[in-house]
Amino acid sequence: MSILGFSEILEDELDEMDKDEIRSTVEKILVSSRNTVSLVDGLLEWSRLQIGGFVPEHKDLNLGKVILDVLELFQPQLTKKGINLKTRIEDDIHIFTDENIVKSIISNLLSNAIKFTNPDGLVSFTAQKSGDETILIVEDSGIGMSSEMVDNLFSLTGTKSRKGTANEKGTGLGMNITHDLLKTTGGDIKVESSPGEGTRFTVTLRNSD
(Lines give C-alpha, C1' and ligand atoms only; values in the text may rest on other atoms or scores of the structure.)
Protein backbone atom coordinates (compact mmCIF):
# COMPACT_ATOMS: atom_id res chain seq x y z
CA MET A 1 0.00 0.00 0.00
CA SER A 2 2.87 2.39 0.70
CA ILE A 3 4.34 1.75 -2.77
CA LEU A 4 0.91 2.30 -4.29
CA GLY A 5 0.37 5.48 -2.30
CA PHE A 6 3.68 7.08 -3.27
CA SER A 7 3.20 5.98 -6.89
CA GLU A 8 -0.24 7.61 -6.99
CA ILE A 9 1.25 10.84 -5.63
CA LEU A 10 3.87 10.76 -8.37
CA GLU A 11 1.25 10.09 -11.05
CA ASP A 12 -1.20 12.75 -9.85
CA GLU A 13 1.28 15.53 -9.08
CA LEU A 14 4.18 14.89 -11.45
CA ASP A 15 3.56 17.98 -13.62
CA GLU A 16 3.58 20.24 -10.54
CA MET A 17 6.65 18.69 -8.91
CA ASP A 18 10.18 19.99 -9.19
CA LYS A 19 13.17 17.65 -9.51
CA ASP A 20 13.83 17.56 -5.78
CA GLU A 21 10.23 16.58 -5.03
CA ILE A 22 10.31 13.90 -7.73
CA ARG A 23 13.60 12.55 -6.40
CA SER A 24 12.24 12.50 -2.85
CA THR A 25 9.12 10.59 -3.90
CA VAL A 26 11.12 8.10 -5.95
CA GLU A 27 13.43 7.54 -2.97
CA LYS A 28 10.39 6.81 -0.81
CA ILE A 29 9.14 4.30 -3.38
CA LEU A 30 12.58 2.65 -3.28
CA VAL A 31 12.56 2.53 0.52
CA SER A 32 9.01 1.14 0.47
CA SER A 33 10.07 -1.52 -2.02
CA ARG A 34 12.96 -2.58 0.18
CA ASN A 35 10.66 -2.64 3.19
CA THR A 36 8.17 -4.77 1.25
CA VAL A 37 10.94 -7.28 0.60
CA SER A 38 11.56 -7.29 4.36
CA LEU A 39 7.86 -7.81 5.09
CA VAL A 40 7.66 -10.64 2.58
CA ASP A 41 10.64 -12.16 4.36
CA GLY A 42 8.60 -11.91 7.56
CA LEU A 43 5.68 -13.68 5.90
CA LEU A 44 8.02 -16.39 4.65
CA GLU A 45 9.38 -16.73 8.18
CA TRP A 46 5.83 -17.24 9.42
CA SER A 47 5.27 -19.84 6.69
CA ARG A 48 8.44 -21.66 7.75
CA LEU A 49 7.26 -21.43 11.35
CA GLN A 50 4.14 -23.39 10.41
CA ILE A 51 6.24 -26.29 9.16
CA GLY A 52 8.92 -26.10 11.82
CA GLY A 53 11.70 -24.67 9.66
CA PHE A 54 11.99 -21.15 11.11
CA VAL A 55 15.22 -19.87 12.70
CA PRO A 56 15.07 -16.22 13.93
CA GLU A 57 18.09 -13.97 13.38
CA HIS A 58 18.54 -11.97 16.57
CA LYS A 59 20.48 -8.71 16.79
CA ASP A 60 20.48 -5.48 18.74
CA LEU A 61 17.82 -3.11 17.40
CA ASN A 62 17.28 0.59 17.93
CA LEU A 63 13.52 0.14 18.23
CA GLY A 64 12.72 3.83 17.84
CA LYS A 65 14.42 3.93 14.45
CA VAL A 66 12.69 0.74 13.30
CA ILE A 67 9.30 2.16 14.33
CA LEU A 68 9.85 5.50 12.63
CA ASP A 69 11.03 3.80 9.42
CA VAL A 70 7.82 1.76 9.32
CA LEU A 71 5.59 4.71 10.26
CA GLU A 72 6.96 6.75 7.35
CA LEU A 73 5.83 4.11 4.89
CA PHE A 74 2.23 4.48 6.02
CA GLN A 75 2.06 8.25 5.50
CA PRO A 76 0.35 8.02 2.08
CA GLN A 77 -2.44 5.86 3.54
CA LEU A 78 -2.85 8.13 6.55
CA THR A 79 -2.97 11.20 4.31
CA LYS A 80 -5.39 9.62 1.86
CA LYS A 81 -7.89 8.85 4.63
CA GLY A 82 -7.19 12.05 6.56
CA ILE A 83 -6.26 10.07 9.65
CA ASN A 84 -4.30 11.83 12.38
CA LEU A 85 -1.35 9.79 13.74
CA LYS A 86 -0.12 10.55 17.25
CA THR A 87 3.13 8.99 18.47
CA ARG A 88 4.84 8.72 21.82
CA ILE A 89 8.11 6.83 21.46
CA GLU A 90 10.59 6.82 24.32
CA ASP A 91 14.19 7.62 23.41
CA ASP A 92 16.93 5.02 23.14
CA ILE A 93 14.89 1.81 23.35
CA HIS A 94 17.07 -1.13 22.37
CA ILE A 95 15.98 -4.74 22.11
CA PHE A 96 17.75 -7.94 21.07
CA THR A 97 15.42 -9.73 18.65
CA ASP A 98 14.65 -10.47 14.99
CA GLU A 99 14.23 -7.28 12.93
CA ASN A 100 11.91 -8.77 10.30
CA ILE A 101 9.59 -10.07 13.01
CA VAL A 102 9.40 -6.64 14.67
CA LYS A 103 8.77 -4.87 11.36
CA SER A 104 6.04 -7.38 10.44
CA ILE A 105 4.33 -6.91 13.81
CA ILE A 106 4.39 -3.10 13.64
CA SER A 107 3.25 -3.06 10.01
CA ASN A 108 0.35 -5.44 10.65
CA LEU A 109 -0.84 -3.43 13.65
CA LEU A 110 -0.65 -0.11 11.80
CA SER A 111 -2.24 -1.49 8.64
CA ASN A 112 -5.10 -2.93 10.71
CA ALA A 113 -5.64 0.33 12.60
CA ILE A 114 -5.70 2.45 9.44
CA LYS A 115 -7.93 0.00 7.59
CA PHE A 116 -10.66 0.05 10.23
CA THR A 117 -10.51 3.74 11.16
CA ASN A 118 -12.92 6.13 9.49
CA PRO A 119 -11.63 9.12 7.50
CA ASP A 120 -10.57 11.98 9.79
CA GLY A 121 -10.15 9.51 12.64
CA LEU A 122 -7.25 8.99 15.03
CA VAL A 123 -4.53 6.35 15.37
CA SER A 124 -1.99 6.49 18.19
CA PHE A 125 1.28 4.60 18.57
CA THR A 126 3.13 4.32 21.88
CA ALA A 127 6.47 2.61 22.60
CA GLN A 128 7.82 2.52 26.14
CA LYS A 129 10.07 0.51 28.43
CA SER A 130 8.59 -1.32 31.40
CA GLY A 131 11.33 -2.99 33.39
CA ASP A 132 12.98 -5.58 31.13
CA GLU A 133 10.07 -5.48 28.68
CA THR A 134 9.13 -3.13 25.85
CA ILE A 135 5.46 -2.23 25.42
CA LEU A 136 3.91 -1.19 22.10
CA ILE A 137 0.38 0.18 22.10
CA VAL A 138 -1.56 0.81 18.89
CA GLU A 139 -4.96 2.37 19.44
CA ASP A 140 -7.54 3.61 16.94
CA SER A 141 -10.89 5.38 16.93
CA GLY A 142 -12.27 2.94 14.38
CA ILE A 143 -15.25 0.65 14.02
CA GLY A 144 -14.11 -1.82 16.65
CA MET A 145 -14.97 -5.49 17.05
CA SER A 146 -17.54 -7.62 18.81
CA SER A 147 -16.48 -9.92 21.65
CA GLU A 148 -16.88 -12.90 19.30
CA MET A 149 -14.54 -11.33 16.75
CA VAL A 150 -11.98 -10.61 19.46
CA ASP A 151 -12.15 -14.22 20.67
CA ASN A 152 -11.45 -15.52 17.13
CA LEU A 153 -8.95 -12.85 16.11
CA PHE A 154 -5.84 -14.99 16.55
CA SER A 155 -7.40 -18.24 15.39
CA LEU A 156 -6.50 -19.35 11.89
CA THR A 157 -9.68 -21.44 11.57
CA GLY A 158 -11.87 -18.57 12.77
CA THR A 159 -10.21 -15.93 10.60
CA LYS A 160 -12.50 -13.87 8.39
CA SER A 161 -11.51 -10.93 6.25
CA ARG A 162 -13.45 -7.68 6.65
CA LYS A 163 -13.41 -4.73 4.31
CA GLY A 164 -12.03 -1.53 5.73
CA THR A 165 -13.84 1.78 6.14
CA ALA A 166 -12.76 2.75 2.61
CA ASN A 167 -13.51 -0.72 1.24
CA GLU A 168 -9.90 -1.84 1.64
CA LYS A 169 -9.48 -5.55 1.10
CA GLY A 170 -7.35 -7.93 3.12
CA THR A 171 -6.61 -11.58 3.79
CA GLY A 172 -7.63 -11.63 7.45
CA LEU A 173 -4.27 -13.23 8.31
CA GLY A 174 -2.41 -10.19 9.65
CA MET A 175 -3.27 -10.64 13.32
CA ASN A 176 -2.72 -14.39 13.17
CA ILE A 177 0.73 -13.82 11.69
CA THR A 178 1.47 -11.20 14.36
CA HIS A 179 0.41 -13.53 17.16
CA ASP A 180 2.45 -16.47 15.89
CA LEU A 181 5.59 -14.42 15.22
CA LEU A 182 5.37 -12.89 18.68
CA LYS A 183 5.30 -16.34 20.26
CA THR A 184 8.66 -17.17 18.70
CA THR A 185 10.26 -14.27 20.61
CA GLY A 186 8.46 -14.90 23.90
CA GLY A 187 6.27 -11.85 23.33
CA ASP A 188 2.57 -11.37 23.95
CA ILE A 189 -0.37 -9.45 22.49
CA LYS A 190 -3.66 -8.36 24.05
CA VAL A 191 -6.65 -6.66 22.44
CA GLU A 192 -9.46 -4.52 23.82
CA SER A 193 -12.32 -3.54 21.52
CA SER A 194 -16.03 -2.82 21.32
CA PRO A 195 -18.22 -2.14 18.27
CA GLY A 196 -18.05 1.54 17.38
CA GLU A 197 -15.55 2.25 20.16
CA GLY A 198 -12.24 1.56 18.42
CA THR A 199 -9.55 -1.00 19.21
CA ARG A 200 -6.45 -1.08 21.39
CA PHE A 201 -3.63 -3.58 20.84
CA THR A 202 -0.97 -3.96 23.52
CA VAL A 203 2.18 -5.85 22.50
CA THR A 204 4.87 -6.97 24.91
CA LEU A 205 8.33 -7.47 23.40
CA ARG A 206 11.08 -9.28 25.25
CA ASN A 207 14.77 -9.75 24.54
CA SER A 208 15.34 -13.03 22.74
CA ASP A 209 17.83 -15.58 24.04
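Glu 192 is partly exposed, with a relative accessible area of 49%; the class spans the values between buried (under 20%) and exposed (over 50%), taken with a 1.4 Å probe on protein chains only. The model is a predicted one: local features require pLDDT of at least 70, side-chain atom pairs count only at pLDDT 80 or more, and totals for chains, interfaces and linings use all residues. Residues are numbered from 1 along each chain as its sequence is written, and side-chain values use heavy atoms, with hydrogens and water left out.

Glu 192 sits in strand S6, residues 188–193. Strands here are DSSP runs of E with at least two residues, helices are runs of H or I with at least four, and both are numbered from the N terminus. Not counting residues up to four places away in sequence, Glu 192 touches Gly 198, Thr 199, Arg 200 and Thr 202. Contact means heavy atoms within 4.5 Å. Glu 139 lies 53 residues from Glu 192 in sequence, and the C-alpha to C-alpha separation is 9.3 Å. For Met 145 and Glu 192, the sequence separation is 47 residues and the C-alpha atoms are 8.8 Å apart.

Met 145 belongs to the loop between strand S5 (133–140) and helix H6 (147–152). Met 145 is buried, at 7% relative accessible area. Neighbours within four places in sequence set aside, the contacts of Met 145 include Val 150, Leu 153 and Arg 162. Val 191, Ser 193, Ser 194, Pro 195, Thr 199 and Phe 201 are also among them.

Thr 199 is in strand S7, which covers residues 199–205. Thr 199 is buried too, with a relative accessible area of 6%. The side chains of Thr 199 and Ser 193 are joined by a polar contact of 2.8 Å. Such a contact is a pair of N or O atoms within 3.5 Å; within protein, one must be able to donate a hydrogen and the other to accept it, and residues adjacent in sequence count only if both atoms are side-chain atoms. Beyond four places in sequence, Thr 199 contacts Val 138, Glu 139, Asp 140, Gly 144 and Met 145, among others. Val 191, Glu 192 and Ser 193 are also among its contacts.

Another part of the model concerns helix packing. Two packed helices are described by the angle between their axes and the distance between the axes. Helix H3 (residues 63–73) packs on helix H5 (residues 99–115) at an angle of about 45°, and the axes are 10 Å apart. Axes are lines fitted to C-alpha atoms, for helices over the stretch in contact, and angles run from 0 to 180 degrees between N-to-C directions. H3 and H5 are therefore oblique to each other. Angles under 35 degrees count as roughly parallel, over 145 as roughly antiparallel, 65 to 115 as roughly perpendicular, and the rest as oblique. From H3, Leu 63, Val 66, Ile 67, Val 70 and Leu 71 take part in the contact. They meet Glu 99, Val 102, Lys 103, Ile 106, Ser 107 and Leu 110 of H5. By class, the contact of H3 with H5 has 8 nonpolar, 1 polar and 2 charged residues.

Asp 98 is located in strand S3. At 2% relative accessibility, Asp 98 counts as buried. Its side chain reaches two backbone nitrogens: that of Glu 57 at 2.7 Å and that of Ile 101 at 3.0 Å.

Two further aspartates have positive phi. Asp 92 has a phi of about 55° although it is not a glycine. Asp 92 lies in the loop between strand S2 (84–89) and strand S3 (94–98), and is exposed at 64% relative accessible area. For Asp 120, also a residue other than glycine, phi is near 70°. Asp 120 is in the loop between H5 and strand S4 (122–130). With 68% relative accessibility, Asp 120 counts as exposed.

In helix H7 (residues 174–184), the buried residues are Met 175, Asn 176, Ile 177, Thr 178, Asp 180, Leu 181 and Leu 182. Gly 186 follows H7 and has a positive phi, near 75°.

Over the whole protein chain there are 7 helices and 7 strands. Their order along the sequence is α-α-β-α-α-β-β-α-β-β-α-α-β-β. Of the 209 residues, 41% count as buried. Among contacts between residues at least 6 apart in sequence, 71% join residues at least 24 apart.

Methods. Ala, Val, Leu, Ile, Met, Phe, Trp, Tyr, Cys and Pro count as nonpolar, Asp, Glu, Lys and Arg as charged, and the others, Gly among them, as polar.
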